[in-house]
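Here is a short note for a reader coming to this structure for the first time.

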Amino acid sequence: MTRAVVHRLARVDSTMDAAHRFAQEGAVHGTAVVAAEQTGGRGQRGRNWVSPPGGLWLSVVGRPDGAEGLGALSLQVGLRLVEALECACPTLSPLSLKWPNDVILDGGKVGGILTEARWSDGRCLWVVVGVGLNVTNALPTDTALPATRLADHAAEATVEGLVDVVIAAVVAALADPGDLDVVQMSAFARRDALLGRPIQAPCLGIADGVTPDGALRVRAADGTFHHCVAGVVPADA
């Protein structure tokens, strides 16, 4: 059996793009790409993700058996990720998750998760999960939600100390990417940064948690519920 490898690069356009290239060339499940710096990192909906040295920028290739459960994959990864980070950095304050893909620490954005799949004739060929974490890197100043760094909250947080931890968390989520189960739904509710807050987009109403398949549940003014499967909640929500 071919073993997964970790490609460590000094500088790359995007670990997501590099991982897709490796996947197209036959990279096996669990193959990871880690870069010290990205020149063209991207986040949700193609937004630019500033990725200078000192941050943890990586992507992991997954080859799921089917397409079921991929809608909740970013939430699955998020749950595994925050638990792993808190174990690795025990002095951290509890981390929160903001649907669909933000990792929040003391009100600031400390990381993000991006998932992209490649398809052929309705079949998922592979999926790439990207994780970006601010560790000791210089922070952007033009973000809608204030950015923060792990090292500012936990002195033990280092890129090298977290690489294997984060890769393992992503691989664990990719191993069983189905809908959120009862335990995971409860775990997400405890970390839900939007729960009970009024939002304007992607639906107008009060954020009321998530559904097992990863949609944002929103309660409208008339008491009805909407399930938002895609979109971004503004930072000021």
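1. Start with Q184. At 19% relative accessibility, Q184 counts as buried (buried is under 20% relative accessible area, exposed over 50%, partly exposed in between, with a 1.4 Å probe and protein chains only). Q184 sits in helix α4. Setting aside neighbours within four places in sequence, Q184 is in contact with Q76, L79 and D179. Contact means heavy atoms within 4.5 Å.

2. A word on the basis. This is a predicted model, in which local features need pLDDT of at least 70 and side-chain atom pairs count only at pLDDT 80 or more, while totals for chains, interfaces and linings use all residues. Residues are numbered from 1 along each chain as its sequence is written, and side-chain values use heavy atoms, with hydrogens and water left out. Helices (H or I, at least four residues) and strands (E, at least two) are DSSP runs, numbered from the N terminus.

3. Now the whole of α4. The helix spans residues 182-191, and Q184, A187, F188 and R191 are buried in it. Why do they share the same side of α4? They cover an arc of only 100 degrees around the axis, so they lie on the same side. The arc is that of the directions from the helix axis to the C-beta atoms. An α-helix has 3.6 residues a turn, so residues three or four places apart point the same way.

4. The two faces of α4 deserve a look. Its buried residues pack against α2 (73-88), β4 (96-98) and β9 (205-210). The face turned away from the buried side carries V182 and R190, which are exposed.

5. P177 is placed in the loop between α3 and α4. P177 is buried, at a relative accessible area of 13%.

6. Four strands form an open sheet in the order β8-β9-β10-β11, with antiparallel pairing. Two strands pair if DSSP finds at least two bridges between them. β8 (198-199) and β11 (225-228) are the edge strands, each with a single partner, so one side of each has no neighbour in the sheet. Strand β10 (residues 216-219) runs antiparallel to β11 and is joined to it by four bridges. R219 has F225 in β11 as its bridge partner.

7. Which cysteines form a disulfide? C203 and C228 do, with their sulfur atoms 2.3 Å apart. The pair links distant parts of the chain: C203 is in the loop between β8 and β9, C228 is in strand β11, and they are 25 residues apart. Both C203 and C228 are buried. The structure holds one disulfide, where the term means a pair of cysteine sulfur atoms within 2.5 Å.

8. Two other cysteines are worth checking. The sulfur of C87 has its closest cysteine sulfur in C89, 9.9 Å away, which is too far for a bond. C87 is exposed, at 66% relative accessible area. C89 is buried, at 1%.

9. Next, the nonpolar core. A nonpolar core is a set of buried Ala, Val, Leu, Ile, Met, Phe, Trp, Tyr and Cys residues joined through side-chain atoms within 4.5 Å. The largest has 51 residues, and L56, L85, L133, L150 and V166 touch the most other members. Apart from it lies another core of eleven residues, among them V12, M16, A19 and V33. Beyond four places in sequence, L56 touches residues including V34, V131, L133, V159 and V166.

10. N137 lies in the loop between β7 (123-133) and α3 (159-175). Is N137 buried or exposed? N137 is buried, with a relative accessible area of 0%. Residues up to four places away aside, N137 touches P52, P53, G54, G55, W57 and R149. G108, in strand β6 (residues 108-120), is buried at 5%. G108 touches V103, P146 and T148, again leaving out residues up to four places away in sequence. The C-alpha atoms of G108 and R149 are separated by 8.6 Å, although the two are 41 residues apart along the chain.
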